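Here are some friendly notes to read with the model open beside you. They go from a few terms and the overall fold to single residues and pairs.

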Amino acid sequence: MKEQRMINGHPFISYSKETYTESETLQRSSDFYEWMNKRRSIREFSDQPVPLTVIQNILLSASTAPSGAHKQPWTFCVVSNPSIKTAIRQAAEAEEKESYENRMSEEWLEDLAPLQTDWQKSFLETAPYLIVVFRRSYEFTDTGKKKQNYYVTESCGIACGMLLTAIHHAGLAALTHTPSPMNFLVQLLNRPENEKPFLLIPVGYPAKECSVPDLKRKSLEEITVWY
Ligand code: IYR
């Protein structure tokens with residue numbers, strides 16, 4: 001156990017971490033980029049099972065994310081029950097059909113053409129796990145009073161980024177799916193009023209035959225300004 005000392009009545013522990021030589025640092029940062037650049041969102045999943053412990057570990061990794069005032073304003077609902085997955089697919093497809101046919105602008109549909117998506121979401125039943133991330137805008141105290149969380153969107157976004165990285169690291173793949181609107185998830189998963197759906201992330205192995213759009217990522221020049 002690390003030794004605690006108090007600062008203004010609050011416990012602190014000393015922190016240090018492994019560092020590397022300059023050449024090791026160069027190598028590690030480059031290797032990590034090469035490896036991260038192999039991550040792709042997929043829409044064709046295998047139904048091959050994934051051990052529950054793997055899902056628990058990737059969620060623990062996600063929850064190491066920094067968050068406003070360390071409130072950790074997220075709930076990860078993990079769905080493997082086939083009838084709940086079917087209910088989610090049916091509700092998502094109903095919304096998506098309406099979106100693709102009536103709600104999305106021509107410009108939006110044109111922008112999506114390279115991805116060749118449509119309203120059908122069979123991956124919601126095929127993927128062994130659906131992780132539904134909820135953002136918690138506030139908490140309830142023991143006496144039922146509302147207590148504010150901070151930077152909830154930023155915190156959940158970072159946690160989801162770390163979740164996707166942990167999924168990739170475990171050799172699995174995922175999709176960041178945002179059926180719109182997502183309110184049906186509140187009812188289907190029986191969530192409390194302080195939680196709002198944030199992202200729906202199917203997780204599993206890619207199908208044997210899995211293709212992804214041949215997208216290019218922006219160059220360093222395109223994404224940076226140096227001062
Ligand atoms: N939610 C729809 C549409 C969609 C929107 C964006 I922005 C994407 O990057 C991909 C899809 C769907 O999931 O099909």
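1. A word on terms before we start. Contact here means heavy atoms within 4.5 Å, and the helices and strands are DSSP runs, numbered from the N terminus. Please keep in mind that this is a predicted model.

2. The overall picture. The protein chain has 8 helices and 8 strands, and its C-alpha trace spans about 60 × 55 × 40 Å along the principal axes. Of the 227 residues, 32% are buried. Taking the contacts with a separation of 6 or more, 77% are between residues 24 or more positions apart. The chain exposes about 15,100 Å², and carbon and sulfur atoms supply 53% of that area.

3. After α6 comes Gly171, with a positive phi near 85°.

4. What does α6 pack against? Its buried residues pack against two helices, α1 (22–36) and α2 (52–62). They also pack against the strands β3 (74–79), β4 (129–136), β7 (173–174) and β8 (195–204). The buried residues of α6 include Val152, Ser155, Cys156, Ala159, Cys160, Leu163 and Leu164. Ala166, Ile167 and His168 are also among them. As a reminder about helices in general, there are 3.6 residues a turn, so residues three or four places apart point the same way.

5. Leaving aside neighbours within four places in sequence, Ser155 is in contact with Pro66, Ser67, Gly68, Pro73, Trp74 and Tyr150.

6. Tyr150 sits in the loop between β6 (146–148) and α6. With a relative accessible area of 38%, Tyr150 is partly exposed. Not counting residues up to four places away in sequence, Tyr150 touches Gly68, Ala69, Lys71 and Ser155. The C-alpha atoms of Tyr150 and Pro73 are separated by 8.1 Å, although these residues are 77 residues apart along the chain.

7. His70 belongs to the loop between α2 and β3. Its relative accessibility is 57%, and because exposed means over 50%, His70 counts as exposed. A polar contact of 3.4 Å joins the side chains of His70 and Gln72. His70 and Thr25 are 45 residues apart in sequence, and their C-alpha atoms are 29 Å apart in space.

8. Now for the charged pairs. Side chains of opposite charge can pair when their charged atoms come close. How many salt bridges does the structure hold? The count is 10. One of them joins Arg89 and Glu93, whose closest N and O atoms are 2.9 Å apart. Both residues lie in helix α3 (residues 82–103), 4 residues apart, or about one turn of the helix. Glu93 is buried, with a relative accessible area of 11%.

9. A second salt bridge connects Glu195 and Arg136, at 2.7 Å from N to O. This pair links distant parts of the chain, with Glu195 in strand β8 and Arg136 in strand β4, 59 residues apart. Glu195 has a relative accessibility of 1% and counts as buried.

10. Asp214 and Lys216 form another salt bridge, with the closest N and O atoms 3.0 Å apart. Are its two partners buried or exposed? Asp214 counts as exposed at 67% relative accessibility, and Lys216 counts as exposed at 66%. Elsewhere, salt bridges that share partners join Arg136, Glu139, Arg191 and Glu195 into one network.

11. Last, a look at the surface. Which residues form a nonpolar patch there? The patch is made of Leu220, Ile223 and Trp226, which together have about 400 Å² of accessible area. Leu220 is placed in helix α8 (residues 220–223).

Conventions
Residues numbered from 1 in each chain as written. Predicted model: local features only at pLDDT ≥ 70, side-chain atom pairs only at ≥ 80, totals over all residues. Heavy atoms only, no water. Patch = residues over 30% accessible without salt bridge, like charges linked within 9 Å, V, L, I, M, F, W, Y side chains within 5 Å. Areas by Shrake-Rupley, 256 points an atom, 1.4 Å probe, with all protein chains shown as cover. Salt bridge = Lys/Arg side-chain N within 4 Å of Asp/Glu carboxyl O. Buried < 20%, exposed > 50% of the residue type's maximum accessible area, 1.4 Å probe, protein only. Polar contact = N/O pair within 3.5 Å; in protein donor to acceptor, adjacent residues only side chain to side chain.
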